[in-house]
Amino acid sequence: MAIMSIFGSSPRNLTGSEPAPQTWMSSERWRQLLPMTRRDRTITCYDYLGRLKTHGEEQRYISPTTGVCRKLVIQAIQPNGPNEHRIKDHTGHVNKRALWLLSTNPFSGFGVFFLWTLKWSIFTLGLLWYLIWVIIGAFAFLFLQIDLADAQIDIPGNWLDGDSEVYDTGYYKPYTRKFRGQLWEARSKKEYSTRLEGLDQDKKEDKIPTHSLHPRLLMIRDPARDEWSPCTEPSTIIRNKYIAISYRATDVYSESGSDQEREKDRFKQEVRIAAVRMNFDAYWLDLECIGKTQDEKNLSLYCMADIYRGAESTLIMLGNSEEGEKAAWERWGARVWTLPEALLSENIFYKFRDQSEINSVSLHKLANLAYPKNNSEQAVINAYSEKDPLERLERLSLLKSAVWKRGINNTSTPGGSGPHAAERVYALMGFFQHRIHPNHEEEELPALARLSMANDNDRIAERMVSLLPSEPHEKACWYADNDIYGAELWDILPETQIAGITEHGALVLDGCRAASIRWKDFPEIALVKPESMRRKVVGFLPYFAWPIFIVGVAALLIFSVKAGITLVTIGIVLLLVSPKMFVFSEAGRVINPQPWFIGVKGVLDIDTAAEHLYGGGNAAHYPRLNFTPSGSEFAEPEHGSVRGGSKKQYGEALKAEAKGRQIYTLIDTCAGAIYYFCAKRPPTVCLFTGREGGLGRFVLCSERCDGDASRLHKETVLRMPTELVARYINPLLI
């Protein structure tokens with residue numbers, strides 16, 4: 001399992017309490033005087049084997065090789081800070097040296113001539129070293145019975161290049177950390193959930209009905225005595241048709257003051273008069289029917305949708321008409337509970353408080369009155385009035401968007417008992433088949449994740465994980481109400497499932513395939529190139545240069561001066577043109593390179609990236625890297641006959657960087673693509689979470705350690721070829 005979490009400038013847990021204060025271990029003055037690293041806060045984390053480790057607040061990552069938590073060091077175009085350094089690579093030094101020799105004019109200055117001669121000498125001595133190694137190998141095999149064929153020796157110059165070990169598995173480097181804490185809320189009832197700890201047996205949520213066929217309480221009139229009284233007897237309630245009342249609290253009573261109770265009593269009397277005029281002897285009004293205790297209020301809130309769904313009619317009580325009909329309707333339409341009250345009602349009527357007339361209104365007309373400029377609300381209204389049928393997920397997505405536009409105020413919760421933090425989720429859940437039990441202290445986005453888990457077919461939260469919002473949420477990185485790529489929730493096909501939620505509001509994802517991103521340098525890339533007899537012959541000729549030169553010198557001294565001069569000349573010419581022949585032999589298409597995700601801070605141009613990867617640019621007309629046509633926020637497609645990415649994205653990324661945005665470059669060797677993206681922190685993990693528009697959705701996350709709650713934080717989302725997932729190590733094998 002992998003984990004995505006909620007982060008913010010002042011994080012809270014799900015009970016709303018403040019985090020523990022930080023302990024400062026030294027003053028700023030001492031940090032300036034002492035030449036050592038001081039830790040403002042000690043953080044405890046665990047490696048993939050569960051071993052304890054402590055460190056400071058610097059950014060960390062889990063090593064894919066050892067599984068140990070390490071300090072992140074990144075390569076940058078312009079290093080700034082102790083954890084950044086200039087771009088380094090271990091690839092293609094010989095090829096880069098040959099390219100430098102070809103591109104540099106040795107006669108442009110004495111210093112350049114000296115440097116060119118030095119590099120040319122090193123390059124040609126590498127050819128001699130290869131010859132010596134062949135002779136040593138032949139001697140060892142013939143006389144000592146030792147086979148040196150498996151020794152790590154590369155073509156010219158590698159003896160000066162250092163470590164030659166190459167990672168070649170055919171898979172990306174894996175992310176090895178797993179979730180190790182307890183779930184605050186689990187999807188499976190078989191799992192342990194800390195949220196349910198301490199609940200009485202009679203309050204267990206599996207004993208609470210998910211739907212109700214009738215209200216728990218109604219106000220019923222005795223026609224003989226013309227008196228209204230509350231009734232909780234189910235046998236009486238089910239025999240009475242009732243009308244449900246919808247209103248805006250600020251149109252009825254003031255939020256505070258001594259007149260509030262008197263104003264409520266006056267409103268109740270108005271409701272009773274209207275009910276009698278509509279020939280109803282029963283009504284439901286939250287001021288009287290929602291209950292007194294918190295458990296009763298939660299139960300009423302839990303079944304709120306069923307109350308309006310079961311009502312014979314719904315009466316909307318608007319404010320005074322003298323304030324203007326348009327203003328009255330727009331105030332009512334701004335409420336959180338507007339949509340469930342209207343959409344789930346069989347018949348709708350409305351009345352102004354200062355008028356006696358009661359009028360009916362259709363859903364379509366109500367949309368024009370209450371939501372004149374809101375496209376999502378009007379689309380939902382049309383769907384529920386069967387004028388424009390929508391798929392279930394699309395309808396729920398539009399409902400969620402419409403409900404989220406409405407703010408929460410102190411009197412918005414039915415009954416005026418103060419708002420639930422997750423009130424908008426509870427207003428939305430009436431449209432779902434399965435509901436969640438309200439919690440007055442629960443925050444909004446964990447409640448939305450719970451609602452998504454309860455309705456697994458819709459998988460709303462799983463789809464949100466794959467979206468990249470224009471303004472990421474400060475506390476819940478997984479949440480998204482839009483997507484910079486223009487996708488909707490129903491466009492996403494999720495590939496993961498939420499297994500549960502932690503006490504910090506993090507999502508625990510099951511079936512999540514993850515790969516590590518390398519930031520410290522460019523590794524040597526194992527690859528295959530198509531065979532070519534011409535390149536083989538041309539590449540083999542430089543190794544004859546030294547033998548021909550040596551034989552020529554011997555002939556010059558011993559045998560024939562003319563033959564010696566000829567051989568020496570041929571040897572020198574071969575040594576002079578050996579860089580050109582070597583570059584030609586290394587040219588060609590790159591086939592099946594070892595998959596790597598490599599990150600660089602800053603905007604790296606594509607030719608420089610290819611040089612760091614393969615030792616040279618696009619030699620012999622074969623591009624080693626390509627721009628993505630639609631993979632990042634800066635990507636632009638070419639408008640020609642062949643699908644490809646435009647070079648303009650490099651310039652757009654530079655402009656964004658000049659405006660102060662932090663831009664990073666990601667190179668994917670498997671797809672041969674380069675991506676530019678914006679992030680607050682360098683991401684170290686690439687998660688495959690879904691599919692959309694013919695491409696995969698890959699979430700790039702940074703790692704954050706905090707004991708058992710060590711988690712990933714979504715930094716950005718890229719659109720990459722889905723077939724890359726075949727190069728991810730199976731998570732069950734990590």
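## Loops, helix packing and salt bridges in a predicted model

Asn 279 sits in the loop between helix 5 and strand 12 (282-284); helices (H or I, at least four residues) and strands (E, at least two) are DSSP runs, numbered from the N terminus. This is a predicted model, in which local features need pLDDT of at least 70 and side-chain atom pairs count only at pLDDT 80 or more, while totals for chains, interfaces and linings use all residues. Residues are numbered from 1 along each chain as its sequence is written, and side-chain values use heavy atoms, with hydrogens and water left out.

The phi of Asn 279 is near 65 degrees, a positive value in a residue other than glycine. With a relative accessible area of 71%, Asn 279 is exposed. The classes are buried (under 20% relative accessible area), exposed (over 50%) and partly exposed (in between), with a 1.4 Å probe and protein chains only. Asn 592 also has a positive phi, of about 50 degrees, although it is not a glycine. Asn 592 belongs to the loop between helix 19 and strand 20 (597-601) and counts as partly exposed at 46% relative accessibility.

**Packing around helix 19**

The axes of helix 18 and helix 19 come within 7 Å and cross at roughly 155 degrees. Axes are lines fitted to C-alpha atoms, for helices over the stretch in contact, and angles run from 0 to 180 degrees between N-to-C directions. Helix 18 and helix 19 are therefore roughly antiparallel to each other; the classes are roughly parallel (under 35 degrees), roughly antiparallel (over 145), roughly perpendicular (65 to 115) and oblique for the rest. Their crossing is left-handed, a term used if the near helix is turned anticlockwise from the far one by less than a right angle, with right-handed used if clockwise.

Helix 17 (residues 533-540) also crosses helix 19, at roughly 150 degrees, with axes that come within 8 Å. That makes helix 17 roughly antiparallel to helix 19, and helix 17 passes helix 19 in a left-handed crossing.

Val 553, Leu 556, Leu 557, Ile 558, Phe 559, Val 561 and Ile 565 make a nonpolar surface patch of about 730 Å². Patches are made of residues with over 30% relative accessible area and no salt bridge, like charges being joined within 9 Å and nonpolar side chains (Val, Leu, Ile, Met, Phe, Trp, Tyr) within 5 Å. Accessible areas come from the Shrake-Rupley method with a 1.4 Å probe, and for residues only the protein chains shown count as cover. Helix 18 (545-558) and helix 19 (561-586) each supply at least two residues of the nonpolar patch. Helix 18 gives the largest share, four residues. Phe 559 lies in the loop between helix 18 and helix 19 and, at 70% relative accessibility, counts as exposed.

**Buried helical residues**

Ten of the eleven residues of helix 15 (residues 444-454) are buried, so helix 15 is largely enclosed by the rest of the structure. Among the buried residues of helix 15 are Glu 444, Arg 450 and Ser 452. Glu 423, in helix 14 (residues 423-428), is buried with a relative accessible area of 1%. Glu 423 and Val 336 are 87 residues apart in sequence and 7.8 Å apart in space, C-alpha to C-alpha.

**Salt bridges**

The structure holds 22 salt bridges, each being a side-chain nitrogen of Lys or Arg within 4 Å of a carboxyl oxygen of Asp or Glu.

| Salt bridge | Distance, N to O |
|---|---|
| Lys 268 and Asp 265 | 3.8 Å |
| Asp 483 and Arg 697 | 3.0 Å |
| Arg 513 and Glu 495 | 3.9 Å |

Being three residues apart in helix 5 (residues 260-277), Lys 268 and Asp 265 are separated by about one helical turn. Lys 268 is buried at 18% relative accessible area, whereas Asp 265 is partly exposed at 46%.

Asp 483 lies in the loop between helix 16 (460-465) and strand 16 (493-494) and Arg 697 in strand 25 (residues 695-704), so this pair ties together parts that are 214 residues apart in sequence. Asp 483 counts as buried at 9% relative accessibility, and Arg 697 counts as buried at 0%.

Arg 513 lies in strand 19 (residues 513-516) and Glu 495 in the loop between strand 16 and strand 17 (497-501), so this pair ties together parts that are 18 residues apart in sequence. Arg 513 is partly exposed at 24% relative accessible area, and Glu 495 is partly exposed at 24%. Elsewhere, salt bridges that share partners join Asp 483, Glu 692, Arg 697 and Arg 719 into one network.
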